[in-house]
Amino acid sequence: MSFQQQAHPDPPCLRFPENLGLHASVSVEAAVNMLLRALQMSQNVPYMWTFIDKPAEGQLYLLFLQNPAQFPNDGVRYQDQETRLVIPVGNREMEISETKYGFVPNSQDTSAWRVRRRYRLHRGGHPQLVLVHYARGPAIQIIPSLLNSPVRQYPLRQITEPSVYIMGDKAGQKVYPSGSAPPPPPQVPMGMPPHPMSMNQQGMNPPVVNVNAPGMAMNPQAVLAQQSSAMEALERRRERERPRERGSSMSGGRPGPPRLDDDDSADETETISTRTLAITRYRRNHELMEEVFKQAALGNMKRPTPQPPYSIFDKLELEGKVNKLQEEVDALQAKRKARLACESVIAANAPSPMETAP
């Protein structure tokens with residue numbers, strides 16, 4: 001259901017009416033819990049149209065954005081481009097967008113220290129619910145030409161649009177303040193239903209409420225995104241019905257017993273993206289391959305204790321050989337001593353040269 005009005009350069013946005021307070025920091029787990037609780041609370045609480053202007057440090061907002069890629073003006077000028085990161089959180093995917101080095105022109109800000117972080121469940125939650133946190137980050141010098149350059153025109157216009165339900169059975173219903181009457185319904189041509197049913201109201205999952213901001217026309221990119229999600233859901237449903245059709249054709253065309261279809265709203269394949277499944281399979285396959293090839297490439301890493309080099313010899317055998325060699329040496333030395341003794345005796349008994357001379 002859409003509410004289109006004349007385009008306005010600075011449209012308001014739908015905000016959860018309760019004040020979420022000031023928080024020094026918001027972790028990923030806390031953001032996931034808040035967004036999951038917001039799915040339940042948003043069904044019974046209408047969102048109010050408002051402007052986000054010059055938020056305080058630590059302020060936390062829960063917004064419903066028709067196009068999450070385009071964040072509304074918040075009265076802060078940022079000197080850095082917004083960065084986006086998608087991380088898996090269980091069977092869901094969290095998209096975190098961060099913009100740093102912000103400051104409020106014509107204010108007491110002497111440096112660009114403001115940081116804006118946006119959290120939304122890209123898979124496994126409502127893609128149009130965005131949790132926004134304003135915190136203090138690293139400060140840099142403000143560009144002089146931007147110091148007194150406002151990012152919006154003041155004063156802001158007064159908002160008279162009523163609050164509206166964004167999801168649940170009351171999605172699209174307006175809540176007027178007490179004492180005011182709703183405007184008359186628009187004229188509908190003959191033969192046309194007063195409220196045409198869109199693809200999201202025909203059971204597509206996840207439900208996307210088409211609530212245009214006052215003064216902002218429908219974005220064509222948002223329409224294409226909604227149509228793509230609806231077509232993906234139809235393709236998944238066809239894939240699940242094909243095995244049943246094949247089974248009925250193989251059984252001779254006789255229809256099988258009636259089977260109650262499971263609720264597709266909590267199907268795991270609906271909430272897990274192809275990227276997350278691919279990463280999980282990649283890690284699992286590499287862990288299995290590591291277990292197989294680790295033994296083939298490295299073998300047993302526990303090497304045995306090396307034996308001493310002389311362990312191949314027999315001690316008793318070596319001692320026997322040493323004793324035998326020692327006996328041979330002693331025998332040779334005894335022969336040498338005997339020979340030397342004989343030589344000395346012969347030399348002593350031999351006549352001198354003087355005695356042998358004629």
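I count two strands as paired if DSSP finds at least two bridges between them. The model I examined is predicted.

**Entry 1: strand pairing around β8.** I looked up the partners of β8. Strand β7 (residues 112-123) runs antiparallel to β8, and 7 bridges join the two. Within this pairing I noted that Arg 116 stands opposite Tyr 134 in β8. I then turned to strand β3 (residues 60-64), which is also antiparallel to β8 (residues 129-140) and is joined to β8 by 5 bridges. Here I recorded Val 130 in β8 as the bridge partner of Leu 63.

**Entry 2: helix α1.** I examined helix α1, which spans residues 28-41 and has 14 residues. From its first C-alpha to its last, α1 reaches 20 Å, close to the 20 Å expected at 1.5 Å a residue.

Entry 3: Which residues of α1 are buried? I found Ala 31, Val 32, Leu 35, Ala 38 and Leu 39. These residues lie on the same side of α1 because they cover an arc of only 125° around the axis. I recall that an α-helix has 3.6 residues a turn, so residues three or four places apart point the same way. On the other side of α1, I listed Glu 29, Arg 37 and Gln 40 as exposed.

**Entry 4: packing of α1.** I traced what the buried residues of α1 pack against: β3, β5 (83-89), β6 (92-103), β7 and β8.

Key. Residues numbered from 1 in each chain as written. Predicted model: local features only at pLDDT ≥ 70, side-chain atom pairs only at ≥ 80, totals over all residues. Heavy atoms only, no water. Helix = DSSP H or I, 4+ residues; strand = E, 2+ residues; numbered from the N terminus. Expected span 1.5 Å × (residues − 1). Buried < 20%, exposed > 50% of the residue type's maximum accessible area, 1.4 Å probe, protein only. Arc of directions from axis to C-beta. Contact = heavy atoms within 4.5 Å.
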